[in-house]
Protein chains: 2
Amino acid sequence: MPHVANIRDVAREAGVSYQTVSRVLNGHPNIRAETRQRVLDAVARLDFRPNRAARMLATSRSHTIGVLAAINGSYYGPTSSIAAIEDAAREAGYSTMLANPRVVDASSLREAVRHLIDEGVEGIAVLAPQTRTAQVLADLGAPIPIVTMQTELRDADAGLSVDNELGAAIAAQHLLSLGHRRIALVAGPDDWSEALARTRGFEGALRDAGLEPAAVAAGDWTAESGYLAFQQLRGHGFTAVFCANDQMALGLMHAAVERGLRVPEQLSVIGFDDVPESAHYLPPLTTIRQDFDELGRRAVATLLARVEGSPLEFPTALPPRLTVRASTMGAPV
Amino acid sequence: MPHVANIRDVAREAGVSYQTVSRVLNGHPNIRAETRQRVLDAVARLDFRPNRAARMLATSRSHTIGVLAAINGSYYGPTSSIAAIEDAAREAGYSTMLANPRVVDASSLREAVRHLIDEGVEGIAVLAPQTRTAQVLADLGAPIPIVTMQTELRDADAGLSVDNELGAAIAAQHLLSLGHRRIALVAGPDDWSEALARTRGFEGALRDAGLEPAAVAAGDWTAESGYLAFQQLRGHGFTAVFCANDQMALGLMHAAVERGLRVPEQLSVIGFDDVPESAHYLPPLTTIRQDFDELGRRAVATLLARVEGSPLEFPTALPPRLTVRASTMGAPV
DNA sequence: GCTCTTCGTGTGACCGGTCAAGCAGATGCG
DNA sequence: CGCATCTGCTTGACCGGTCACACGAAGAGC
């Protein structure tokens with residue numbers, strides 16, 4: 001086992017005390033330039049890397065954040081956000097620790113948070129947008145900041161979601177502007193905040209036009225559930241359908257085509273998320289784009305501001321953007 | 001700031017010395033049952049949680065593994081594996097630290113590995129299946145075990161991939177058995193091990209049948225690149241095409257349909273991965289299934305065995321499995 | 001010239017665990 | 001009965017950093 005240098009080795013090598021080395025490493029003032037250089041040279045010669053455990057023990061700061069992500073059903077969004085979080089965190093000198101509860105219930109969430117806290121993380125970003133999540137986390141009374149992404153709460157974390165309600169309203173308005181009047185909804189699971197917000201936005205926009213959904217089915221975000229949803233919906237005589245995410249839209253189009261319906265000529269379909277593949281679905285999917293990367297970056301910025309006690313906050317949710325492709329067209333007459 | 005209990009508080013509460021508490025926590029023998037119980041009661045009363053930094057400093061063991069994942073292009077596979085890794089690690093009492101180089105070049109890889117080592121991880125699982133990865137990692141001479149997943153090397157980590165060569169051969173044989181003789185290939189990027197292995201397997205199977213690929217194009221795993229690949233390939237008169245992943249197959253089908261070709265009647269398409277959506281592509285995609293979860297579990301098992309010096313090894317790559325759906329049929333005459 | 005501040009550096013204690021050695025009391029063995 | 005061994009527990013040192021404080025030297029103010 002090769003001996004790895006510690007701070008006292010460096011001090012000896014540089015001919016100063018270990019405290020001086022510590023000062024140099026932490027950028028304290030009041031070090032003579034020549035002394036600093038001697039220390040830095042010694043650090044380089046010995047390839048000294050400060051021991052994080054020792055530093056953490058002494059300062060009780062870990063420079064680590066936790067990511068609590070429950071990934072199931074859809075992959076693209078959470079994965080993009082996680083990658084962005086890790087990137088932003090490292091940029092700011094923080095490391096990232098992962099916790100993946102396999103199911104999202106109160107006790108798994110609690111256990112995951114506790115695990116991360118035991119690891120010494122200074123803050124946690126949560127990607128588990130079930131409705132109950134926010135409440136469970138609040139009840140925990142955790143001693144560190146926790147930001148919840150993609151929540152529907154109009155609270156301090158508002159800036160950490162896309163405005164799902166607005167996005168769904170835009171989708172509905174797009175269909176309305178094409179002349180559709182009988183529009184169905186494939187909602188997400190009703191224990192997900194985003195699903196509820198999208199349903200609300202969609203129904204609100206319809207109501208503003210004096211309409212109601214022609215029919216409603218709920219899926220679980222998977223393509224398979226979109227496929228099954230179509231079977232529930234058929235017979236309700238709609239000319240367009242809003243699916244709460246792209247995968248369900250894909251499954252629904254599959255079922256529709258199988259029944260001999262032509263998309264978009266006989267049925268317009270619009271999704272949500274704009275996953276990279278949706279541009280190549282058949283037909284290419286009209287959908288609502290979310291900026292998952294920006295979401296991740298904002299989560300880290302918010303978290304670190306809270307960790308360090310500064311007041312940064314993102315007051316408004318990110319604007320979603322309509323991407324029109326070939327799966328929507330004017331209503332058949 | 002509420003005082004959190006340390007081991008000496010527990011000792012005082014239980015009326016024993018701190019060393020006895022440490023013994024109990026670490027399951028040492030030679031503790032009287034009644035003493036152990038008194039300690040455990042005190043632990044529970046004070047909600048004592050051992051400080052990981054202190055333990056790490058004293059033992060120089062972190063009980064943490066690192067995951068170095070370069071996620072770009074495809075999401076489903078790596079994300080599934082990461083989730084499985086985190087799960088298996090936690091099961092074994094290990095935590096998971098993340099590092100996501102945004103590009104995969106030698107210096108980013110080195111930096112990411114170094115970052116993880118500085119964090120004190122005891123081993124690293126690498127999901128960055130570019131060909132050069134393995135060599136760069138080997139050259140690093142890292143003082144901790146590193147396992148590389150999805151590498152093409154037939155070395156100690158062989159069990160940490162699906163047998164890509166076999167999978168591609170199975171795909172080719174499926175097309176051959178349907179009577180296709182003019183078969184094109186959309187390969188993955190040629191700096192990815194998996195891409196090379198799939199190309200090898202595909203071309204090998206064709207050669208065994210006395211054939212050569214009708215045409216070859218390379219993509220970058222994205223649907224978009226599959227779409228573009230078709231434009232390169234057309235005019236080469238093929239009746240079937242093997243795409244090195246599902247997304248590229250999706251893009252290719254999109255381009256084919258746009259040119260008026262019917263899949264599978266005029267063109268059979270087969271993919272690789274079996275992402276959840278591929279069952280609902282239009283037409284549903286015939287593809288080769290990989291077990292990403294098992295890959296993640298094996299990576300952790302291998303890593304921990306190596307960390308602990310036990311001899312566990314998975315001698316053989318995971319078998320891929322053909323999933324026949326609607327995108328392939330007998331060759332047109 | 002003497003004290004007062006500022007600058008640059010060193011000393012000791014401490015963070016919260018673990019490990020090695022030590023030390024009573026009980027038990028085994030001749 | 002004397003000695004060695006085992007059992008159960010305690011004490012002291014240590015892991016590798018940081019923090020609070022002390023201290024000598026140089027420059028400022030009177």
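A residue is taken as near a strand if its C-beta atom, placed from the backbone, lies within 6 Å of it. The model examined here is predicted. Around DNA strand D there are 25 residues, and those that come nearest are A:Ile7, A:Ser22, A:Ala58, B:Ser17 and B:Thr35.

Both chains supply helices to this surface: α2 (18-25) and α4 (52-59) of chain A, and α2 (18-25) and α4 (52-59) of chain B, each give at least two residues. The most comes from α4(A), with 5 residues. By class, the surface near DNA strand D consists of 12 nonpolar, 11 polar and 2 charged residues.

## Relation of the two chains

## The parallel sheet of chain A

Chain A holds an open sheet of 4 strands in the order β6-β5-β7-β8, with parallel pairing. Because β6 (215-218) and β8 (268-270) of chain A each have a single partner strand, they stand at the edges, and one side of each lacks a neighbour in the sheet. On average, neighbouring strands are turned by 15 degrees against each other, direction ignored.

Strands β5 (residues 183-187) and β7 (residues 240-243) of chain A run parallel and are joined by 4 bridges. Here A:Ile183 stands opposite A:Ala240 in β7(A).

## Helices on the sheet

Helix α8 (residues 164-177) of chain A lies across β5, β7 and β8 of chain A and runs at about 165 degrees to β7(A). Helix α10 (residues 223-233) of chain A also packs on the sheet, where it touches β5, β6 and β7 of chain A; the direction of α10 makes about 150 degrees with that of β6(A).

Methods: Residues numbered from 1 in each chain as written. Chains lettered and ligands numbered in written order. Predicted model: local features only at pLDDT ≥ 70, side-chain atom pairs only at ≥ 80, totals over all residues. Nonpolar A, V, L, I, M, F, W, Y, C, P; charged D, E, K, R; others polar. Pairing = 2+ DSSP bridges. Axes fitted to C-alpha atoms, helices over the stretch in contact; angles between N-to-C directions. Contact = placed C-beta atoms within 7 Å.
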